[in-house]
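Let's take a friendly walk through this model together, going from the whole chain down to a single residue. Please keep the sequence and the 3D view open as you read.

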Amino acid sequence: MTTLADPIQTGTTPSPPPRRSHRRRSFGYPRKGSVWSYGALLAVVAGSVFPLYWSIVVSSQTSDAVTKVPPALVPGGHLFDNIARVFDTTDFGRALVNSFIVSGSITVSVVFFSTLAGFAFAKLRFRGRKALLVVAIATSMVPHQLGIIPLYILMADLGWTGRLTAVIVPGLVTAFGVFFMTQYLGRAVPDELLEAGRVDGSSTFGLYWHIVLPAARPAAAVLGLFTFMQAWNDFFWPLVVLQNNATVQVALSALASGYTTDYTLTLTGTLLATLPILVVFMLLGRHLVDGIMQGAVKG
Amino acid sequence: MATYLHQARRAGLSRLDTKGSPYLYILPFFLLFGAFGLFPLLYTAYVSFNDWDLLDSGSHRWVGLANYREMLQDAYFWNALGNTLSIWVLSTVPQLLAALWIAHLLNHRLRARTALRMGVLLPNVTSIVAVTIVFTQLFGRDFGMVNWALGLVGIGPIDWQANTWSSHLAISFIVAWRWTGYNALIYLASMQAIPHHLYEAADLDGASQAQQFRRITVPMLRPTIIFTTVISTIGGLQIMAEPLLFASSQTPTGGSDRQFQTVALFMYEQGFREFRFGYASAVAWTLCLVIAIFAIINFLLTRRIAKDED
């Protein structure tokens with residue numbers, strides 16, 4: 001919990017203070033990276049990227065490439081044939097659409113409700129505020145995965161099994177989101193600004209809409225990014241409850257099942273399922289890095 | 001007079017707004033979380049005291065502790081618990097050590113700092129399904145690259161799925177690969193908070209870099225190290241997707257001899273293959289308690305160490 005207590009700084013992109021001094025002191029801290037540390041880091045990054053690179057290699061080759069010894073190491077020219085084959089084999093298009101619907105709705109909802117609750121916890125005075133906040137934070141530690149059996153019973157009673165609502169509704173709020181926004185808004189919105197708004201006759205919701213929401217944008221972006229990735233990658237619950245109306249991860253696991261797996265097909269699917277996340281990560285990943293380094297984002 | 005009444009009403013409304021509306025703002029969270037997060041978890045306890053068959057919809061019979069009694073005598077449960085702890089240790093210990101080392105490397109003045117950090121974090125944003133599928137191919141017995149590479153140094157092809165030790169090793173590797181970079185960034189953030197004068201003083205005393213790492217960096221990181229251990233405990237003991245997908249047949253038994261079935265996977269098997277909801281709930285609740293016990297032990301440990309440093 002100690003590292004969670006560090007709130008994000010105000011401002012656009014929260015980042016650690018610059019440590020580089022203008023003069024190149026040989027003595028400065030942190031120390032200058034040696035050739036050795038660059039080499040080791042590059043090796044680590046190569047190891048991080050390799051599985052992704054490998055799936056590009058396999059998915060751009062013909063099916064026999066995956067059984068070649070020694071293995072093929074450069075991409076070929078059959079990527080689009082394989083992609084077409086994935087869409088012929090399963091309803092991957094529908095799975096992609098499903099995943100966009102699920103992840104999109106969950107992201108918008110989590111950001112909205114977290115900002116709303118975070119505003120109340122950080123900036124409004126009311127009875128039981130502290131106790132309720134503690135409850136909200138404590139619940140973020142609960143292993144939800146273990147509640148799936150009653151959750152399934154509940155969904156069956158509601159008639160939601162096999163429908164996207166069964167995945168969307170339980171994801172609409174997260175304890176982590178509330179905690180995250182409470183931390184941020186406590187710092188980012190000056191009390192004087194809210195007082196001034198009140199004097200001008202603004203209602204509480206008016207304050208939220210006109211002052212808090214705009215101020216919350218940088219943190220909302222990080223929370224949204226994080227939420228979208230989690231929702232997109234979620235597997236266990238959609239597998240249990242969606243059955244034939246699969247999201248991308250479930251469709252992917254179906255593609256890989258069977259006693260003889262067609263790995264060219266499967267790894268092409270893997271690439272397709274990872275691509276949206278990869279694009280988002282390339283564009284906004286540095287904010288995610290900053291968010292984790294503030295100690296605020298937990299997996 | 002009319003204006004006065006109007007003003008009074010407005011004041012009343014505005015009081016209602018300031019006193020009452022905060023509850024309205026936090027209500028959606030507590031309502032949704034209560035209904036779909038907390039209630040299912042508590043209801044698990046109730047279901048676990050029943051003989052509850054999914055197929056025979058809704059019909060259930062109170063059986064008291066029978067499910068728990070059966071579980072304690074179920075060799076499959078104990079097997080799954082052993083596998084879970086083994087995979088947890090095998091993935092967590094090397095993962096956190098590697099993370100510490102990577103954080104140390106990143107804690108230099110570096111060019112392309114952001115790119116390197118993103119590169120390290122990349123495994124964590126790819127999905128468990130994608131990662132496990134790719135690694136299952138790489139760990140393939142006949143055409144996997146891991147066996148090909150081992151073959152170059154004269155180690156015969158390993159059937160990674162077939163044995164207990166090899167399957168635990170492979171699954172732990174997959175888990176560790178996905179989480180090492182994330183933990184490295186957490187450590188890096190803590191390392192940056194260590195006061196520089198400690199290192200300056202050590203330099204003057206002629207301490208080597210390795211000594212400084214062992215005597216300054218690691219002790220200063222202790223609370224963070226224990227925090228990451230807690231988080232890895234909560235996550236690691238729930239592992240389920242990796243062993244499910246590591247078996248190419250994707251049967252939830254975790255291999256032909258259950259050699260890599262985890263407790264969470266055992267719960268899934270009992271619930272959604274055998275349709276024994278009551279029994280599966282007993283397993284879930286037990287796992288929940290195991291996780292809680294580990295988490296509390298770690299929390300107390302954290303507090304004690306934090307106190308020692310004051």
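Helices here are DSSP runs of H or I with at least four residues, strands are runs of E with at least two, and both are numbered from the N terminus. With that in hand, keep in mind that this is a predicted model. Over residues 85-106 of chain B, the assignment is 100% helix and 0% strand, with the end C-alpha atoms 31 Å apart. That span is one of those that the unreviewed UniProt entry lists as "transmembrane region" in chain B, the others being 23-46, 118-140, 169-189, 224-241 and 277-301. Residues 118-140 of chain B come out as 83% helix and 0% strand, and 29 Å separates their end C-alpha atoms.

Chain A has its own set of such annotations. Its unreviewed UniProt entry places "transmembrane region" at residues 35-54, 95-119, 131-155, 167-186, 207-232 and 263-284. Take residues 207-232 of chain A: 96% of the span is helix, 0% is strand, and the end C-alpha atoms lie 33 Å apart. Residues 263-284 of chain A are 100% helix and 0% strand, with 31 Å between the end C-alpha atoms.

What does the secondary structure of chain A come to overall? It amounts to 13 helices and zero strands. Chain A has 299 residues, of which 46% count as buried. Among its contacts between residues at least 6 apart in sequence, 77% join residues at least 24 apart.

For a local example of burial, go to helix α5 of chain A, residues 148-158. This helix is mostly covered, with eight of its 11 residues buried. The buried ones are A:Ile148, A:Ile149, A:Pro150, A:Leu151, A:Tyr152, A:Ile153, A:Leu154 and A:Met155. Just after α5(A) comes A:Gly159, whose phi is positive, at about 75 degrees.

Now look at where the two chains meet. Chain A brings 84 residues to the contact and chain B brings 83. On the chain B side, the largest share comes from helix α1 (residues 2-48) of chain B, with 19 residues. By class, the chain B side that touches chain A has 57 nonpolar, 23 polar and three charged residues.

One residue lets you see this meeting of chains in detail. A:Val49 sits in helix α1 (residues 35-59) of chain A. Is A:Val49 buried, exposed or partly exposed? It has 13 other C-beta atoms within 10 Å, so it counts as partly exposed, since buried would take 20 or more and exposed 12 or fewer. Leaving out residues up to four places away in sequence, A:Val49 touches B:Gly119 and B:Leu122.

Finally, move to a helix pair within chain B. The axes of helix α4 (residues 113-125) and helix α7 (residues 164-192) of chain B come within 6 Å and cross at roughly 135 degrees. Because of that angle, α4(B) is oblique to α7(B). The crossing of α4(B) past α7(B) is left-handed. From α4(B), the contact uses B:Arg117, B:Val120, B:Leu121, B:Pro123 and B:Asn124, while α7(B) supplies B:Trp177, B:Arg178, B:Trp179, B:Gly181, B:Tyr182, B:Ala184 and B:Leu185. Sorted by class, this contact has eight nonpolar, two polar and two charged residues.

Methods: Residues are numbered from 1 along each chain as its sequence is written. Chains are lettered from A and ligands numbered from 1 in the order in which they are written. This is a predicted model: local features need pLDDT of at least 70, side-chain atom pairs count only at pLDDT 80 or more; totals for chains, interfaces and linings use all residues. UniProt positions are given in the numbering used here, feature names are shortened, and annotations may be inferred rather than shown by experiment. Two residues are in contact if their C-beta atoms, placed from the backbone, lie within 7 Å. Ala, Val, Leu, Ile, Met, Phe, Trp, Tyr, Cys and Pro count as nonpolar, Asp, Glu, Lys and Arg as charged, and the others, Gly among them, as polar. Axes are lines fitted to C-alpha atoms, for helices over the stretch in contact, and angles run from 0 to 180 degrees between N-to-C directions. Angles under 35 degrees count as roughly parallel, over 145 as roughly antiparallel, 65 to 115 as roughly perpendicular and the rest as oblique. A crossing is left-handed if the near helix is turned anticlockwise from the far one by less than a right angle, and right-handed if clockwise.
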